[in-house]
Amino acid sequence: MTETTTFTSAGDPEGIERPAADVLPFPLKKKTDPDPIAPSEGVVKPGEWEAELPDTDDPEADGLTDGAPVDPPREAYPPSAAEWMQERDKNRLPVLPDWVKLPDQRTAVRKWAVRHYSAVVGYHAVRLPLVYTPKICLYAPRGAWRWSTATGRWVFDAEGKTLRLAAVAAEDAAEYLKLSRQRNDRVRLRGIVAAIASMVGLAAALTLYVMAPSWLLLLAIATLTTTFGVVGAPADRPLIDMAKVTFRKRRLSSDIVIRAHEVAGLTSKDQTVAFPRPIGRDGDGWRVVVDLPYGKTFEDAMKAHGRLASGMDIAPTQLFLDKDETSGRRVSYWIADRDPLAVPSGKSPLLGATRVDFWKPFPWGVDERGNPVMASMLWLSLLVGAVPRQGKTFSARTIALAAALDPYVRLYVFDGKASPDWRTFAKVAHRIGFGIVPKNGMDPVQHLLTSLRELKADVEDRYHRLSELPLHVCPEGKLTPEISRDKKLNMPLTLFVVDEVQEYLTHPEHGKEILSLMVYLARVAPAVGVSVMTATQKPDDKACPSELRDQHQARFALRVGAYQVSDTILGAGSYSEGLDASKLLKSHKGVGLLKGMSDDSGIVRTYLADGRDADRILTRAAALREAEGTLSGDAAGEAPAPEVSATILDDVAAVLGKGEAKVWSETIVDRLADLRPETYGPWAELEAKPKAEALTAALKPFGIGTGQISRRIDGEQVNKRGIKRDDIATAITQRNQNRDAG
């Protein structure tokens, strides 16, 4: 048996020996001729390959001489008439509202109308025979008496009796005689009218009774009875019940707005507000745009938010302020007819989604006016904070559910509370853990620590590999959708979720290291596609130190107990900007203030996906990942990330045979299992590929990579992953030097 060993790079799976001169510094790209009949000059023939070199020619550099400025100053021109008119066009109000112009909004309005009027008709149809008919029969005699009494008073001029009595009391005979003559004339005329009407009515009733069909007679009786029933109904108990609750709607006027600014201290007798556009309805509320007095700003209006609401006689949760970019003193108010934050946003649209592209914004909730709010976790980390039972976990879980529906997103999920809210993520999560107490042979804290180390090593490796990839694959050294979905490159978008993070950060043994690793990931990892989302109900410095909170670019604060806590979650200075999550009410579940995910801060009413909905979504997500072949880690039953320790270098060096320069990874794992069965025994029980991957993941933090090792066994060439002795020796030397330096 003869053996020939050749060590090749990971990109050469065939393991073919090549001289060093054949290795090109740039990627190879096969070129095809656009015209096969008349090949153009410089085009490689079919079957040939050409190195794709970076283009360094600058066509704009021709003709420049030494000393010429790189960017010569350009003359500034005033805006043209077209640009001026375009700016004015932006301020023009639309002719038709969006629900008339946009097909999706027309559809939504049509569906609402069908739902609304179907419910109203059904409500009254059920009550017509059971409630309304008995009421009519009960109130009809009273209505008949009221009608006959009113008719008699009209005929005999009862309304003039008080005047005649007043004339008698004043002993004014002339006035009394005048009023009496008028009464006699009126009674005579009205009596004739009443007599004629009675005869006509009696004749019509006899005609209906004798000649008319029975259905017409019944209709006439029902109409007359209903009329008497409506007349006889008490004022405090209407005949027909309300099919919907009518919320209090205040008609807003300029006087009310001016009064509100006066009591808020924003205006004075000499200076008042101006209205650049009329007050009008805007959705389920009123839109008011005002120009504050000179010297007053939007920030002043935000500070007077509560007093403005009191001046308008509404709740503070019904008043919303928007800044106008055209003027520092212009403020736009939206006054809702009712508290919109107490209205649930509804089920998550993820229930109807087949899959999600996590590179694009996805639906997370709606704002105070019901407009969709799209979230994106690219290039940032997110901190979610709230008091218990306000929807903190559900809000964070909606983002994780969106990530689960993208089969190319790798999920790490850890829940320090060990609640059932995250249990179903075991179907898709690459790494998952619950609580801080070891159970069933699994220490969740140690598992989290191992996963953090694994992620840190992966992030460091991504930075190196992205900088080394060719420009046509990785422009500017940044992660792209194509790179993240390339299984060979193994750099998928990753979402690292830790709920109740304070439970891990305050761990007596591993808390400090967990904090250090999470600070590193929140600060560095998002740039290479690894996003971090932490949620806590204790955002104070003791439970969740500021060195971790300050690394989160995006913040989401649901209801908290005090404005100081809101500032802790949203960042220092948020309260002065008018952002105060302590003003949210208990009824505002799932509602929070979002800051940092986009240029604008705003209110988000997050969609709801309860436990049953989450299970449905994650079942679909698991099927997607199985179909795409991206189910991995704990969800696929693979071995947990191995615990990386410095002793593994010594153990690997100990099992390398004398004279072995390169050894297959699975061979080393078998030898390690014989050396330390209690530590490496579980690795040896794995299949060949997972066995090699376990060793690769354990050695990655030390900068040791693997490559293809080709051997000829019985005349056949066999390629497997392996390591080099020199790499192990270099890593041990570097470790010892670091220890000595420390």
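Predicted model: local features only at pLDDT ≥ 70, side-chain atom pairs only at ≥ 80, totals over all residues.
Is Val200 buried or exposed? Its relative accessibility is 55%, and exposed means over 50%, so Val200 counts as exposed.

Now jump to helix H10, residues 392–404. From first C-alpha to last, the 13 residues of H10 reach 19 Å, close to the 18 Å you'd expect at 1.5 Å a residue. H10 is mostly covered, with 12 of its 13 residues buried. Among the buried ones are Lys392 and Arg397, along with Ile399, Leu401 and Ala404.

Next up is strand S11, residues 409–415, where 7 of 7 residues are buried. Which way do the residues point? Val409, Leu411, Val413 and Asp415 go one way, while Arg410, Tyr412 and Phe414 go the other, and all of them are buried.

S11 also has partners. With strand S13 (residues 493–499), S11 pairs in the parallel sense over 7 bridges; one of the pairings puts Val409 with Leu493 in S13. Strand S12 (residues 431–434) runs parallel to S11 too, and 4 bridges join the two. Here, Asp415 has Phe434 of S12 as its bridge partner.

Conventions
Residues numbered from 1 in each chain as written. Heavy atoms only, no water. Buried < 20%, exposed > 50% of the residue type's maximum accessible area, 1.4 Å probe, protein only. Expected span 1.5 Å × (residues − 1). Pairing = 2+ DSSP bridges.
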